[in-house]
Amino acid sequence: MSPHNLKRLCSLSLWLILSVIGTLGLVSGSLRDLEARTWDWRARCIADPKRRDSRIQIISIDQSALDYFAKHEKIYWPWPRSLYVPVIEFLRRAGAKGVAFDLIFTDDVGRVEEDIQLAAALAGEMPVVQAFVPRVIDVERDEQSGIEQKLRQFTHYDASRFLSSDHSRHYTSAKLPAPELLNGAATLGSVVAEADNDTIFRRAIPGGWLGSVPFLSLPFALYARTIQSESLSLKLASQVDGDGEFLIRFHGSAGSYETHPIHAIINSWLQITEGKTPGVDLQRFKDAYVFVGATAPGLLDLRSVPLGGVFSGVEVNATILDNLIHEDFLRSVPVSSVAMALCIALGLVVLGAVSTYRRWVMISAIAPIVWVAICFLGAAFGWWIPMVVPVITVVTALSLGFLIQYQIEGKQHRFVRGAFKHFVSADVVERIVQDPRRLALGGERREMTMFFADIEGFTSLSEKMEPGELVRFINRLLSEVTDIIVRYEGTIDKYEGDAVIAFWNAPLPNADHRARAVEAALACQKRLHDLADLFHADFGIKPRLRIGLNTGVVTVGNFGSTTRFNYTVIGDAVNLASRLEGTNKVFGTQILVSQSTHEGLSNRFTWRRVGQVAVKGKSQPTQLFEPLDPRLQERMIAALSEYEDGLSAFERGDLVAAIECFASLDFDPVSRSYLSRIERDGAKSVGTTSQPLWILTEK
């Protein structure tokens with residue numbers, strides 16, 4: 001079987017197997033706990049306190065309220081139920097839409113006379129939802145029937161429209177409010193809530209069935225009693241998940257809803273009865289939906305939520321009511337849709353992973369990141385999209401696809417790379433692998449920056465070293481230079497003995513090629529300076545490197561014969577860079593840069609102008625510059641002003657002033673070069689020209 005057909009067979013098999021595994025993982029709900037954790041990350045990202053409904057208010061029994069009544073009234077928890085009467089009267093006077101007590105007023109705590117007072121307060125037009133606790137325990141049939149009868153009497157709404165017939169919870173008994181309170185109850189709501197396996201509350205249970213009687217949970221009961229909708233809206237019905245539950249959209253951290261300590265409300269009502277201005281403004285509760293519940297840690301009504309930390313149970317119920325009013329519960333994407341999308345994604349990933357085109361490989365490599373991004377984006381639009389199983393499956397497909405590519409077509413690519421790596425750069429090899437047509441002869445015109453580097457005094461050095469030692473020395477030095485050139489995105493053209501030839505802006509475009517070449521040149525000099533002692537210890541010398549840089553339009557491409565060629569550059573700009581490397585000998589410099597390379601970089605490096613030079617073989621002169629390294633040439637940088645004065649004096653023919661300036665810079669090889677020229681040529685070298693030339697007759 002050919003490699004191509006073998007790759008197709010392996011890819012198809014991989015896609016089928018992983019599609020089945022991924023689909024089964026989604027359907028079975030495997031890794032559900034880990035998936036829930038990833039959902040918590042998304043829930044934190046989409047939480048927006050601005051979405052909360054300001055009409056929802058909380059009256060809290062917090063620690064400050066417990067301390068207040070214990071200190072001032074000598075009233076300790078559990079409080080007498082008559083203490084809640086002022087709360088109801090205050091809310092009724094304020095015009096609240098309704099109130100839900102997230103407290104259990106059972107007959108095992110409290111006194112009858114207090115219950116009668118509270119029941120009388122409850123019997124008004126403002127709906128008041130009382131809490132009860134449904135239970136699954138063994139009871140006699142007559143007892144269950146009696147509880148059903150009571151519950152049916154005090155659930156004044158059509159609860160069944162909120163409940164899923166297939167997934168509703170069923171109970172056999174209930175802990176109801178005291179009989180006296182039942183007489184004044186507008187309706188009842190369950191306070192049973194269930195956390196996920198990791199003890200985090202993410203879902204709202206709408207209610208359940210006690211025998212044949214349907215009932216709602218506390219926030220759903222308050223919604224049904226106050227909104228007065230005849231049927232469940234289509235939008236709200238679509239937000240029920242497969243288990244008959246609603247996924248809660250939390251709007252912010254604990255305390256997002258406006259909360260008032262209960263003693264402030266009670267005192268405000270007392271102030272109203274005394275004809276005083278209440279401490280809490282009645283308008284705050286106009287048309288409000290109010291929850292009364294415990295938030296003090298000692299009362300043990302705290303719940304872990306996806307946003308981190310804990311919420312009080314009453315604040316979770318407030319959030320559920322908010323979701324109900326605005327019909328913005330979060331929704332889970334159907335498993336069938338996710339499975340279909342996963343199969344498509346797996347096919348694309350496998351095809352990309354085994355592709356020979358780098359673009360397709362890169363696209364497939366980021367597929368897991370794309371899926372994660374889609375999951376977060378979906379959360380922002382209110383959708384829970386499974387993340388864990390799809391990402392694990394896609395990463396597996398990606399890894400195995402790369403393995404197939406490596407084992408089958410990778411062998412061919414390794415052969416090409418091995419055959420050409422000694423002749424062209426690594427980037428060129430990759431381009432050949434991706435498109436073998438690039439092996440054809442030819443080139444293109446492009447502006448590039450050329451780099452020529454040579455070891456100073458190499459001829460005399462080679463005479464002093466044994467051949468083996470000389471090879472080690474050259475290889476070590478050229479390795480250091482090569483690493484720097486590659487690091488700064490250059491391409492090695494060739495090595496000629498002790499010389500390195502490189503260029504920038506090919507084969508890959510680099511708009512900043514001038515600066516990258518200068519940075520590489522400075523880095524090479526700094527590296528050799530740092531390694532000078534090591535080279536001296538190993539070879540007895542401290543090597544110096546001369547570098548020439550020039551920018552110009554050249555031809556770059558494959559040149560040679562049909563059987564042997566090289567990826568290189570040709571053109572007049574290449575020759576000038578070579579001449580500039582040798583020109584360093586005239587001025588005693590280590591880096592010389594032509595004016596064409598210097599253009600646009602005057603503010604990016606510290607420069608000094610060396611002079612105008614006509615190199616051998618060139619009739620057109622060029623202005624040369626030297627980039628100065630603040631780490632190595634601090635003294636020269638400090639003396640730049642004096643140097644420029646000397647150069648200006650030289651160019652205008654004032655040799656006395658030039659000698660005076662250059663003589664004070666005896667540490668500077670360029671200044672010494674100018675002094676030597678003045679001494680050698682005298683006034684003839686300057687004449688009346690404004691920019692006297694250095695005319696070089698040697699390379």
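This is a predicted model: local features need pLDDT of at least 70, side-chain atom pairs count only at pLDDT 80 or more; totals for chains, interfaces and linings use all residues.

Reader: Where is Glu489 found?

Author: Glu489 is in the loop between helix 19 and strand 18, which covers 491–496.

Reader: Which other non-glycine has a positive phi?

Author: Asn505 has one, with phi at about 85°. Asn505 is found in the loop between strand 19 and helix 20.

Reader: Is Asn505 buried or exposed?

Author: Buried: the relative accessible area of Asn505 is 12%, and the cut-off for buried is under 20%.

Reader: What about cis peptides? Which bond to Pro507 is cis?

Author: The one from Ala506 to Pro507, with omega near 0°. Pro507 lies in the loop between strand 19 (499–504) and helix 20. There's also a cis bond from Trp77 to Pro78, again with omega near 0°. Pro78 has its place in the loop between helix 3 and helix 4.

Reader: Give me geometry. What do Trp79 and Tyr84 look like as a pair?

Author: They're tilted, at 6.4 Å centre to centre with 40° between the planes. Trp79 is buried at 5% relative accessible area, and Tyr84 is buried too, with 3% relative accessibility. Tyr84 also pairs with Phe105, and that pair is tilted as well: 5.3 Å centre to centre and 50° between the planes.

Reader: Why does the Tyr84 and Phe105 pair tie together parts that are apart in sequence?

Author: Because Tyr84 lies in the loop between helix 3 (63–72) and helix 4 (85–94), while Phe105 lies in the loop between strand 2 (98–102) and helix 5 (112–122); the parts tied together are 21 residues apart in sequence. Both Tyr84 and Phe105 are buried.

Reader: Switching topic: helix packing. How do helix 19 and helix 20 pack?

Author: Helix 19 (residues 467–487) and helix 20 (residues 513–530) pack at an angle of about 150°, and their axes are 9 Å apart. The crossing of helix 19 and helix 20 is right-handed.

Reader: Which residues make the contact?

Author: From helix 19 you have Leu477, Glu480, Val481, Ile484 and Arg487, and from helix 20 it's Arg516, Ala520, Ala523, Cys524, Arg527 and Leu528. By type, the residues of that contact split into seven nonpolar, four charged and no polar.

Reader: Now the hydrophobic side of things. How many residues has the largest nonpolar core?

Author: It has 42 residues. Those with the most contacts inside it are Ile56, Leu216, Phe220, Phe291, Ile320, Leu321 and Phe329. Several elements supply at least two residues each, including helix 2 (32–46), strand 1 (56–61), strand 12 (289–294) and helix 11 (313–326). Helix 11 gives the most to this core, with seven residues. Another core, of 41 residues, lies apart from it, and Leu470, Ile492, Ala521 and Phe605 are among its members.

Reader: Back to Phe291. What does Phe291 touch?

Author: Leaving out residues up to four places away in sequence, Phe291 touches a list that includes Ile56, Ile58, Leu222, Val314 and Leu321. Asn317 and Gln57 are also on it.

Reader: What about His251, buried or exposed?

Author: Buried, at 2% relative accessibility. His251 is found in the loop between strand 10 and strand 11 (259–261). Apart from neighbours within four places in sequence, the contacts of His251 include Asp48, Arg51, Arg52, Asp322 and Asp328.

Reader: And the overall tally? How many helices and strands?

Author: The chain comes to 27 helices and 25 strands. Buried residues make up 51% of its 699 residues. Among contacts between residues at least 6 apart in sequence, 77% join residues at least 24 apart.

Methods. Residues are numbered from 1 along each chain as its sequence is written. Side-chain values use heavy atoms; hydrogens and water are left out. Axes are lines fitted to C-alpha atoms, for helices over the stretch in contact, and angles run from 0 to 180 degrees between N-to-C directions. Helices (H or I, at least four residues) and strands (E, at least two) are DSSP runs, numbered from the N terminus. A crossing is left-handed if the near helix is turned anticlockwise from the far one by less than a right angle, and right-handed if clockwise. Contact means heavy atoms within 4.5 Å. Ala, Val, Leu, Ile, Met, Phe, Trp, Tyr, Cys and Pro count as nonpolar, Asp, Glu, Lys and Arg as charged, and the others, Gly among them, as polar. A nonpolar core is a set of buried Ala, Val, Leu, Ile, Met, Phe, Trp, Tyr and Cys residues joined through side-chain atoms within 4.5 Å. Buried means under 20% relative accessible area, exposed over 50%, partly exposed in between (1.4 Å probe, protein chains only). Rings of Phe, Tyr and Trp (its six-membered ring) pair if their centres lie within 6.5 Å; planes under 30 degrees apart count as stacked, over 60 as edge-to-face and the rest as tilted.
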